[in-house]
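Let's take a walk through this structure together. We'll start with its pockets and then stop at a couple of residues.

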Amino acid sequence: MKKAIYPGSFDPVTFGHLDMIVRSAKIVDELIVSVLRNSAKNALFSIEERVSMLEEMTKDIPNVTVRSFDGLLIDHARDMDANLIIRGLRAVTDFEYELQIAQTNRIVNPQVDTMFLTTSLEYAYLSSTIVKEVASYGGDISHFVPEHLIARIYAKYRE
Ligand code: PNS
């Protein structure tokens, strides 16, 4: 059975992430979407909020579960008994960093591989950072995130 982890910050989850999740879930038997608990990062949404947003968005995909993790991704993969990490590549700018991380992870644990999927073209420009930037100025984010998240994102900037 192929069990994989799709890790990220998901602050907030976007259509680009959802596209990756849907496609990855078709490739593997079990997909764990893992949210990094990183207190150093100044996150817009709490871990609990991010996990619940992801659960809501993936509730109809039976082989997807959502978790959070602390520390190194490669250790989390071992703890979850997963031997595959899936990451999306939007553009060549993602590549250098992702390659370095994947190679580091493989040195630490050669049992775990990293697989890259190229982002669907319609989401190649999209990132959580872009969503936050547009939302912070009250711009239209309906092309970036599902309808039910829009009000929650704007609300963060009114708090
Ligand atoms: O959505 P993001 O912010 O691009 O996700 C990055 C993430 C969470 C995959 C990456 O930062 C990560 O794996 N962090 C955990 C610490 C770790 O294992 N770092 C890589 C080895 S140096």
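The largest pocket in this predicted model has a volume of about 1000 Å³. How do you find a space like that? Rolling a probe the size of a water molecule over the atoms shows where empty space is left.

So what surrounds the largest pocket? Its lining is made up of 39 residues, and if you want to look towards the centre, Pro7, Gly8, Ser9, Arg87 and Glu98 are the ones that lie nearest to it. H4 gives the most, with 8 residues.

Now for two threonines. Threonine 14 sits in the loop between S1 and H1. Is threonine 14 buried or exposed? Its relative accessible area is 2%, and anything under 20% is called buried, so threonine 14 counts as buried. Setting aside neighbours within four places in sequence, threonine 14 is in contact with Met57, Leu126, Ser127, Ser128, Val131, Phe144 and Val145.

Threonine 129 belongs to helix H5, which covers residues 128–136. Its relative accessibility is 58%, and the cut-off for exposed is over 50%, so threonine 129 counts as exposed. From there you can look across to glutamate 159, 30 residues apart from threonine 129 along the chain: the C-alpha atoms of the two are separated by 19 Å.

Conventions:
Residues are numbered from 1 along each chain as its sequence is written. This is a predicted model: local features need pLDDT of at least 70, side-chain atom pairs count only at pLDDT 80 or more; totals for chains, interfaces and linings use all residues. Side-chain values use heavy atoms; hydrogens and water are left out. Helices (H or I, at least four residues) and strands (E, at least two) are DSSP runs, numbered from the N terminus. Buried means under 20% relative accessible area, exposed over 50%, partly exposed in between (1.4 Å probe, protein chains only). On a 1 Å grid over the protein atoms alone, a cavity is a set of points where a 1.4 Å probe fits but cannot get out, and a pocket is an open set with protein on both sides within 12 Å along at least five of seven lines; lining residues have an atom within 4 Å of a point. Grid points are joined across faces, edges and corners, and a volume is the space filled by probe spheres set on the points. Contact means heavy atoms within 4.5 Å.
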